[in-house]
Amino acid sequence: MQCAVDEETSPVSEDWAAPQDWVLKHCGKHPSPHTYREIITRPWRAWRRT
């Protein structure tokens with residue numbers, strides 16, 4: 001997750017709980033940001049036909 005205001009980010013995790021906890025803690029410490037981005041990275045592989 002990333003705060004849309006100050007661009008701080010949560011720890012990277014495959015589980016939803018850690019980023020969600022980070023958002024709640026960040027919001028508690030900084031009450032003005034209300035918008036967050038979920039950043040998802042999916043690995044891809046491609047092969048060229050010969």
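**View 1. The largest pocket of this predicted model has a volume of about 360 Å³.** Fourteen is the number to keep in mind here: of the 14 residues lining this pocket, Met1, Val12, Ser13, Ile39 and Ile40 are the closest to its centre. If you like to think of a lining by class, this one has seven nonpolar, four polar and three charged residues. Two of the central residues, Met1 and Ser13, come back in the views below.

**View 2. Ser13 sits in the loop between β1 (2-3) and α1 (17-29).** Is Ser13 buried, exposed or partly exposed? Its relative accessibility is 34%, so Ser13 counts as partly exposed. The side chain of Ser13 reaches the backbone oxygen of Asp15, with 3.0 Å between them. Once neighbours within four places in sequence are set aside, Ser13 is in contact with Ala18 and Pro19. For a sense of scale, take Ser13 together with Met1: they are 12 residues apart in sequence, and their C-alpha atoms are 9.7 Å apart in space.

**View 3. Ser10 belongs to the loop between β1 and α1.** Ser10 is buried, because its relative accessible area of 11% is under the 20% limit. Where does the side chain of Ser10 reach? It meets the backbone nitrogen of Met1 at 2.9 Å. Not counting residues up to four places away in sequence, Ser10 touches Met1, Pro19 and Trp22.

**View 4. Met1, Cys3, Trp22, Val23 and Tyr36 make up the largest nonpolar core.** Pick out Trp22 and follow its surroundings: with residues up to four places away in sequence left out, Trp22 touches Met1, Cys3, Glu8, Thr9, Ser10, Pro11 and Tyr36.

**View 5. Glu7 has a positive phi of about 65 degrees, although it is not a glycine.** Like the two serines shown above, Glu7 has its place in the loop between β1 and α1. How does its accessibility class come out, buried or exposed? At 53% relative accessibility Glu7 is over the 50% limit, so it counts as exposed.

Notes: Residues are numbered from 1 along each chain as its sequence is written. This is a predicted model: local features need pLDDT of at least 70, side-chain atom pairs count only at pLDDT 80 or more; totals for chains, interfaces and linings use all residues. Side-chain values use heavy atoms; hydrogens and water are left out. On a 1 Å grid over the protein atoms alone, a cavity is a set of points where a 1.4 Å probe fits but cannot get out, and a pocket is an open set with protein on both sides within 12 Å along at least five of seven lines; lining residues have an atom within 4 Å of a point. Grid points are joined across faces, edges and corners, and a volume is the space filled by probe spheres set on the points. Ala, Val, Leu, Ile, Met, Phe, Trp, Tyr, Cys and Pro count as nonpolar, Asp, Glu, Lys and Arg as charged, and the others, Gly among them, as polar. A nonpolar core is a set of buried Ala, Val, Leu, Ile, Met, Phe, Trp, Tyr and Cys residues joined through side-chain atoms within 4.5 Å. Buried means under 20% relative accessible area, exposed over 50%, partly exposed in between (1.4 Å probe, protein chains only). Contact means heavy atoms within 4.5 Å. Helices (H or I, at least four residues) and strands (E, at least two) are DSSP runs, numbered from the N terminus. A polar contact is a pair of N or O atoms within 3.5 Å; within protein, one must be able to donate a hydrogen and the other to accept it, and residues adjacent in sequence count only if both atoms are side-chain atoms.
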